[in-house]
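This report goes through a structure part by part: nonpolar cores, a sheet with a helix packed on it, and a pocket.

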Amino acid sequence: LSKNHPKQLEELDNFEIELRLGRLSTSSTAAARSASDGRLDADITQDYTPTPGTAKGVGRGRNKDRRLVTTRTVELLRSIIGNTKWKTPADLMNILRGLGKDLHAAGGFREPAIGNVVRRVMGAVREEATSHETQKQSSQAAQQASSRNPSLSSMLWALPQHTTVKRSPHVNNRKLRGDSISSVASENFATSDGHTSETFPHFFHANKPELKTNVMEVIQEVKDELTDLHKNINEQAPHHIHADEVIMTYARSKTVEMFLKAAAAKKRNFQVIICEGAPHFGGHVMAKSLASAGIDTTVINDSAAFAIMARVNKVLLPAHAVLANGGLIAPSGSHLISLAAKQNSVPVVTITGIFKLCPVFPHEGQDTLNDLISPSSVVNIEDSEYENIEFVNPVHDYIPPQLVELYITNVGCFQPSYIYRLLAEYYHMDDWESF
């Protein structure tokens, strides 16, 4: 990139700098980190409108809508893939894998959706390369099948006087054909630096001019999906929120907020109970927004969730990430709400976009995809009485799949047990641990 594509390299460097500085962190992470900086939560959680006509405005606002941050990642991929020089699927896969590693090391681990977009494009490259090879093999099989039907000419040439004359050249040709196949295979497995590669099949090293067009169509499809994300989710609101229901939610989520407003727009009368989400109190901002939309809203302390849960019909939670086992990464404190709902047999429903689906298993428990911040927003760490006490202040909670009843996404509703099927549909298994 530095030699042939300096413009794309500069664009990538600027994106990585913003990741390292935390400018592309999610709303929950940004709000949590801002507490130690002394900034007001209302400033962090306010609506952010990007600069019209430019994607570079994303990430300079206080509230980073994850959909917009992910859209900027898609545009970065489109710029790099569309303007760099590569010829084979293997070349493109190496570019995407290196790009994913760089973004992850620069801070993309705080925003799993960035890696998810890269994996999805990698899966599209594999699918296009494999489908092309499958079509090629199918046509070859059809030709071989047609050649098995003997014609009059082939029957005449199969007579003994002909086969005895051609026997010796036929044996030699068969040997030469075998040598040519091995030489072609060795060339296809060789990379540009002369070393053999065992990562990709041989047809990944063949030049496919139509691959770039097909991959760019997939990237545009992902971008369109992000553009219509909230619209597709909100269309399902009347099917899940009914009249006179009591809905509980936690802190603030733009996706949940728009989902509730969409149900209210359909003339559904319901009540919303919001846990304030201390110590950042995002629930206060969300309650004000819902009340201005004419929704009956009540704010409670987080500790009162268990006492109120018996009156609740349904719990709506946002998602930072959806894991491969059907588990949920949600804002810190959501696990408390989920346990209270389980005890009272109240269904927990998660509102999320499919771009948050991560091929990650919770091997680290509560530390999976988590981020630790300064405890200064909770306690005064300068106080001498806390000198020998270790404080852990996580940004997110891990919620096991048995505590989640349903996922409402922009492509439909799914139970946690079905998440593994979605993983196979959107990502290739070989790309799960690429970075």
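Leaving aside neighbours within four places in sequence, which residues is Leu96 in contact with? They are Leu77, Ile81, Val118, Val121, Met122 and Val125, where contact means heavy atoms within 4.5 Å. The model is predicted, so local features need pLDDT of at least 70 and side-chain atom pairs count only at pLDDT 80 or more, while totals for chains, interfaces and linings use all residues. Residues are numbered from 1 along each chain as its sequence is written, and side-chain values use heavy atoms, with hydrogens and water left out.

**Cores.** A nonpolar core is a set of buried Ala, Val, Leu, Ile, Met, Phe, Trp, Tyr and Cys residues joined through side-chain atoms within 4.5 Å; buried means under 20% relative accessible area with a 1.4 Å probe, protein chains only. The largest has 58 residues, and Leu96, Leu260 and Leu316 touch the most other members. Helix α6 (residues 112–147) gives the most to this core, with eight residues. Apart from it lies another core of 36 residues, including Ala251, Ala305, Val322 and Ile337. In soluble globular proteins, nonpolar side chains tend to be buried together.

**Sheet.** Helices (H or I, at least four residues) and strands (E, at least two) are DSSP runs, numbered from the N terminus. Strands pair if DSSP finds at least two bridges between them. Seven strands form an open sheet of mixed pairing, in the order β3-β2-β1-β4-β7-β9-β10. Strands β3 and β10 stand at the edges with a single partner strand each, so one side of each lacks a neighbour in the sheet. From one strand to the next the twist averages 25°. Strands β9 and β10 run antiparallel and are joined by three bridges; Thr409 stands opposite Gly412 in β10.

Helix α15 packs on the sheet, and its direction makes about 160° with that of β4. Axes are lines fitted to C-alpha atoms, for helices over the stretch in contact, and angles run from 0 to 180 degrees between N-to-C directions. The strands that α15 touches are tabulated below.

| Strand touched by α15 | Residues |
|---|---|
| β1 | 246–250 |
| β2 | 271–275 |
| β4 | 314–317 |
| β7 | 348–351 |

Lys342 lies in α15. Not counting residues up to four places away in sequence, Lys342 touches Gln402 and Leu403. The C-alpha atoms of Lys342 and Leu403 are separated by 6.4 Å.

**Pocket linings.** Helix α6 gives the most to the lining of the second largest pocket, with five residues. A pocket is an open set of points on a 1 Å grid over the protein atoms alone, where a 1.4 Å probe fits, with protein on both sides within 12 Å along at least five of seven lines; lining residues have an atom within 4 Å of a point. Of its 22 lining residues, His104, Arg119, Val360, Leu369 and Phe435 lie nearest the centre.

How values were computed:
Buried means under 20% relative accessible area, exposed over 50%, partly exposed in between (1.4 Å probe, protein chains only).
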